[in-house]
Amino acid sequence: METKKRIVHVTTAHNRYDIRIFVKMCVFLAQNQNFEVILIVADDLGEEVNEGVKILDIGKPNGRFNRFISASSAAFRQALS
């Protein structure tokens with residue numbers, strides 16, 4: 001049995017259902033049986049699985065500067081785990 005390859009897409013600026021990221025990239029890859037797709041977002045809407053994509057939420061930062069500094073490092077830590 002072949003193990004699935006994991007793909008993690010990280011965004012702190014886009015919403016979780018962004019057409020380019022969620023639909024055109026993540027859902028497309030999740031439909032392929034060989035990929036486990038995880039989308040890390042910063043929108044404070046919680047975690048879910050949708051269309052085979054596991055969505056992990058790191059919480060919404062306050063302001064652009066915090067999104068750049070705090071959310072980016074939080075997203076990176078989440079992606080490593």
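Val49 has Lys54 of strand β4 as its bridge partner. This pairing belongs to a predicted model. Four strands make up an open sheet with mixed pairing. Helix α1 lies across β1, β2, β3 and β4.

**Strand β4 and its partners**

- Strand β4 spans residues 53-57. Four of its five residues are buried, so the strand is mostly covered, with under 20% relative accessible area as the cut-off for buried.
- β4 pairs with strand β2, residues 35-41, in the parallel sense. Five bridges link β2 and β4.
- Besides the bridge from Val49 to Lys54, Asn50 has Val53 of β4 as its bridge partner.
- In general, the strands of a sheet pair through backbone hydrogen bonds, either parallel or antiparallel.

**Sheet layout**

- The strand order is β1-β2-β4-β3.
- β1 (5-10) and β3 stand at the edges. Each has a single partner strand, so one side of each lacks a neighbour in the sheet.
- From one strand to the next, the twist averages 25°.

**Helix and nonpolar core**

- α1 covers residues 19-30 and runs at about 150° to β2.
- The largest nonpolar core has 10 residues. They are Ile21, Phe22, Cys26, Val27, Ala30, Val37, Leu39, Val41, Val53 and Ile55.
- α1, β2 and β4 each supply at least two residues of this core.
- α1 gives the most, with five residues.
- Leu39 is one of the core residues. Leaving aside neighbours within four places in sequence, its contacts include the core residues Ile21, Phe22, Cys26, Val53 and Ile55.
- Leu39 is also in contact with His9, Thr11, Arg16, Lys54 and Leu56.

**Aromatic pair**

- A search of the whole structure finds one aromatic pair.
- The pair is formed by Tyr17 and Phe22. Their ring centres are 5.3 Å apart. Their planes meet at 85°, so the pair is edge-to-face; the cut-off for that class is over 60 degrees.
- Phe22 is buried, at 5% relative accessible area. It is also listed in the largest nonpolar core.
- Tyr17 has a relative accessible area of 36%. That value lies between the 20% and 50% limits, so Tyr17 counts as partly exposed.

**Loops with positive phi**

- Asp44 lies in the loop between β2 and β3. Its phi is near 65°, a positive value in a residue other than glycine.
- Asp44 has a relative accessibility of 55%. The limit for exposed is over 50%, so Asp44 counts as exposed.
- β3 and β4 form a hairpin with two residues between them. Glu51 is in the turn.
- Glu51 is not a glycine, yet its phi is positive, at about 55°.
- Glu51 is exposed as well, with a relative accessibility of 52%.

Notes. Residues are numbered from 1 along each chain as its sequence is written. This is a predicted model: local features need pLDDT of at least 70, side-chain atom pairs count only at pLDDT 80 or more; totals for chains, interfaces and linings use all residues. Side-chain values use heavy atoms; hydrogens and water are left out. Buried means under 20% relative accessible area, exposed over 50%, partly exposed in between (1.4 Å probe, protein chains only). Two strands pair if DSSP finds at least two bridges between them. Axes are lines fitted to C-alpha atoms, for helices over the stretch in contact, and angles run from 0 to 180 degrees between N-to-C directions. Contact means heavy atoms within 4.5 Å. A nonpolar core is a set of buried Ala, Val, Leu, Ile, Met, Phe, Trp, Tyr and Cys residues joined through side-chain atoms within 4.5 Å. Rings of Phe, Tyr and Trp (its six-membered ring) pair if their centres lie within 6.5 Å; planes under 30 degrees apart count as stacked, over 60 as edge-to-face and the rest as tilted.
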